[in-house]
Amino acid sequence: MGVTMAIPVAGDALTRAEAARSAMSRLLAVAGHDLKQPLQVALMAIERAVSDGIAPRAAARFGLASDALVRLGRELDDLARSSQVGHAPRLGPVHLGPLLATVAAEWQPYAEAVGVRLLVHGSRLLVESETAMLTTILRNLVGNAVKYAGRGGRVVVGCRRRRGRVAIEIHNDGPGIAPDRLASIFEAFDRAGRSDGAGLGLGLHIVRQTAQALGHQVGVQSRCGWGSVFGVTVGRSAHEEPDGIASQG
């Protein structure tokens, strides 16, 4: 007697794929939320250790650790936010100047600690976006650039007008990305071929998910041995002042 094998139709496969994607989104959202508790415990322990009185050099090191944990907390918030299925953000005018200054302040101490020169050009441009979500995108792109630039490297952030839109670009002079890696660079858990244990490879995935929710375009250009340029393109706001000026990065 022959054996009959059921072949799933395309519709069934699509349904399963959507269910798996939804389950992954819920998992990432829960992880982003639940991991905040041990993080808060660690921050409290550091604060108490410093308040008990320690040597200045040790206090400085604890300060770096505290800053890193605070940044990790923000990244967990980003992870939970980007994993919300069906979340429809409300777009409005966003001033790039303060937003870029915030991102620069968050990453400057880490960049100095690892020997990377971080230069963020200010901007008077106004774009149509959502402040927290656009900050998530830029925080991850700048952090990624700093990590890959390497000691002695440089990261430059700047904005350019492009036909009614604004391209926010993050340049780094790190090792670059091989052409066969570019297609998957924004996938979850892709770490651009790194095997040094530096991160889970979720940062760029969060960037893509967040940009898609906002309707923004993200992209990357890279050349091995010459570095990479990551960017997000955002629509200019109708509320922008006529003399708004974009810094050239």
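In helix H7, the buried residues are Leu-204, His-205, Ile-206, Val-207, Thr-210, Ala-211 and Leu-214. The model is predicted. H7 covers residues 203-214, twelve in number. From first C-alpha to last, the helix reaches 17 Å, close to the 16 Å expected at 1.5 Å a residue. Just after H7, Gly-215 has a positive phi of about 80°.

Leu-204 is in contact with Asn-144, a residue of helix H5. Leu-214 is touched by Leu-134, which also lies in H5, a helix spanning residues 131-149.

Asn-144 counts as buried because its relative accessibility is 15%, and the limit for buried is under 20%. Leaving aside neighbours within four places in sequence, Asn-144 is in contact with Phe-230 as well as Leu-204.

Leu-134 has a relative accessibility of 0% and is therefore buried. Not counting residues up to four places away in sequence, Leu-134 touches Val-94, Leu-96, Leu-99, Val-127, Ser-129, Leu-214, His-216 and Val-234. Leu-134 and Val-232 are 98 residues apart in sequence, yet their C-alpha atoms are 9.2 Å apart in space.

The largest nonpolar core has 37 residues. Those that touch the most other members are Leu-96, Leu-134, Leu-138, Val-155 and Ile-168. Two or more residues come from each of H4, H5, strand S4 (154-162), strand S5 (165-172), H7 and strand S7 (227-235). H5 gives the most to this core, with nine residues.

By the ring-centre rule, the count of aromatic pairs comes to one. This pair is formed by Trp-107 and Tyr-110, with 5.6 Å centre to centre and 75° between the planes, and is edge-to-face. Both residues belong to helix H4 (residues 96-113); because they are three residues apart there, about one helical turn separates them. Trp-107 is buried, with a relative accessible area of 1%, whereas Tyr-110, at 27%, counts as partly exposed.

| Residue | Relative accessibility | Class |
|---|---|---|
| Leu-134 | 0% | buried |
| Trp-107 | 1% | buried |
| Asn-144 | 15% | buried |
| Tyr-110 | 27% | partly exposed |

Conventions
Residues are numbered from 1 along each chain as its sequence is written. This is a predicted model: local features need pLDDT of at least 70, side-chain atom pairs count only at pLDDT 80 or more; totals for chains, interfaces and linings use all residues. Side-chain values use heavy atoms; hydrogens and water are left out. Helices (H or I, at least four residues) and strands (E, at least two) are DSSP runs, numbered from the N terminus. Buried means under 20% relative accessible area, exposed over 50%, partly exposed in between (1.4 Å probe, protein chains only). Contact means heavy atoms within 4.5 Å. Rings of Phe, Tyr and Trp (its six-membered ring) pair if their centres lie within 6.5 Å; planes under 30 degrees apart count as stacked, over 60 as edge-to-face and the rest as tilted. The expected span of a helix is 1.5 Å times one less than its number of residues. A nonpolar core is a set of buried Ala, Val, Leu, Ile, Met, Phe, Trp, Tyr and Cys residues joined through side-chain atoms within 4.5 Å.
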